[in-house]
Amino acid sequence: MFYSLSASAFSKKQLLEFEASVVSSPSHLLQMEMPPSGVDELLWLTLKARSAFFRGDIDTAAALFNLGKPAAQSSPLKLTSGYWFLYRAFFSVEQGDLDKAKQYIKQASLCFTQNKESDFLIRTYAMEAIISVWREEYSMALKRLQTAQGLMSQSNLLLDDVTQLLVYDALTAYYSTLKFYVKALGYAHQAQELAQRQNNVLDGLPVKYNLCLTLLRAQLLEKAQACYQKMLEAAQTHDLPRYEFWALSGIGKIALSEKTFEVAIEYLKSAQYTQKSAIINPAHIIVLHNNLAYAYAQTKVFDKALEQIDFSKQVLSTYHSPLNNRYMRQTLKIEADVHQAKHDYPQTISTLRTYIRLLEDTEIKAQNKLQKDNQSLMILEPNGKEITRQGDIQSRSAQEGAILKKAYTLIAFLIVCLVGLTIHHRQSKSRLTQALNYKDLTTGLYNRRYFIEKFDEITSSHLDYAMALIEINFDLSDRYSNDSFEENSLKFTANQLLQQFRDDGDLVCRVSESEFVILCLGMKKPVLQKRLSTLQNVFKAQSSAMPLIVSGALICSDEGEFGNIFAELESRLSHVKRTAKGQVVSF
């Protein structure tokens, strides 16, 4: 039963009470034609939109959000308007409009800041972190999550379960995306416990989705199978096509991992039937088509595989998102494999050329915006003249019987050339992919991805190490305020780091815009701290021409296992920047 609230000014307490009454039974709210007496109409519309979205009725959710939009925009600082902006932002993520999601979340933040509602601000920071993960802005996501956790720990009020659950769910999404699965599963289970304690159905199934997805990503396939099976049963029992889609596609992905491709096709096709009205996020639709294409390719049903690839490309043609490049690369990689399996070598080469170009584009744009026009680096070109000649010779051979044998010999030779070129292409692609995946183009240092893989090797080998995370801040005045100064400063920093540390036993990586990791095998923290002190002296000596501030935090293998080493280092560095900026601290 829903609360019928008094007609007095709608307070935060009333909002939370009405929300709590809805989350346990969202289907009841969808059956209501009018808001209960005393309930703010905008809040009622927003929660009804959330319930429709939860069920998978996207058109109804969009219509309900649109009904509330005039009221939210006319009184943007009203508490229920902030609530509308908050959840409209998440709906924009489903629509694939990440820019609009960012605009809505900023409006929600402004509203809750003006109203000094710290608990709703916590929700806003958590939602902004989720949006940032979707935008692949992981540094921003981490900052928002740290802010949310900081407010949770400082708050003198008892936070409602929905707010805590949203933060835990955002932390799950962040750590799962960055492949810190132990950390992600810890937060996922905390969120699930909160949902079960309050019988929170509206937020509980989204939490279960993140839990199942993390289990799948961690290759805990038996647990993931059980998780998705429970989701499927709940979705079918309560007629929730949105979560029926997630469950079916999840089980299909498990079948792909287990290489039972016929089973994968069965589940993925079933997911496709439920997707049409329940899922509109282009990213999810593209992944579904690509998974089906991969399954068909493995069963040698190449025409159907290419048909699914074409569907993905159609969606990608209208998907204007920072993620477009990544999903296009995934699509092209599967397409190239299909063409190769069909022995269509020219088409394989053409597809791989596009794939490599996109790979270059994304690395250059992500790591060096100043070089975004250099899109032609190391692009491999097939011998177009030879391909044309092959067609010409085939034509002549059909017309001139006298040279038939010679023509066929030449055609055979060209096919061998194409095969050799394909092999060369794939080897070059592999080398290029490795170089671009592991190198930071601005500084020439290894990047975060390389560090994570290397660190996993070091820890699995039980090697001793000392490590530091340092942040370089540019102490800019007006005369230094330009992009070229920042690029020169980064290169100068990289050169100094390479001079201070050994080639054989030290690893220096750029892991974000201004953060660097130094890992030294067989070294103790005092020695590493001394090395970094020398580096600081170099920066001080160059302060007139290159004003840089270095803050850092140290860690070593003697301190034991941390699970998520990056989270621990980021936490220590944040503490240093608050309490001892410009110093390198050994904890």
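**Close-up views of a predicted model**

**View 1. The whole protein.** Of the 587 residues in the protein, 52% are buried (under 20% relative accessible area with a 1.4 Å probe, protein chains only). This is a predicted model, in which local features need pLDDT of at least 70 and side-chain atom pairs count only at pLDDT 80 or more, while totals for chains, interfaces and linings use all residues. Residues are numbered from 1 along each chain as its sequence is written, and side-chain values use heavy atoms, leaving out hydrogens and water. You will find 24 helices and 6 strands here (DSSP runs, H or I of at least four residues for helices and E of at least two for strands, numbered from the N terminus).

**View 2. Helix 5 meets helix 6.** The axes of helix 5 (residues 79–94) and helix 6 (residues 98–114) come within 8 Å and cross at roughly 160° (axes are lines fitted to C-alpha atoms over the stretch in contact, with angles from 0 to 180 degrees between N-to-C directions). That makes helix 5 roughly antiparallel to helix 6 (an angle over 145 degrees).

**View 3. Around Asn 291.** Where does Asn 291 lie? Look for Asn 291 in helix 15 (residues 282–298). Asn 291 has a relative accessible area of 17%, so this residue is buried. Leaving aside neighbours within four places in sequence, Asn 291 is in contact with Lys 253, Leu 256 and Leu 268.

Notes:
Parallel < 35°, antiparallel > 145°, perpendicular 65-115°, else oblique. Buried < 20%, exposed > 50% of the residue type's maximum accessible area, 1.4 Å probe, protein only. Contact = heavy atoms within 4.5 Å.
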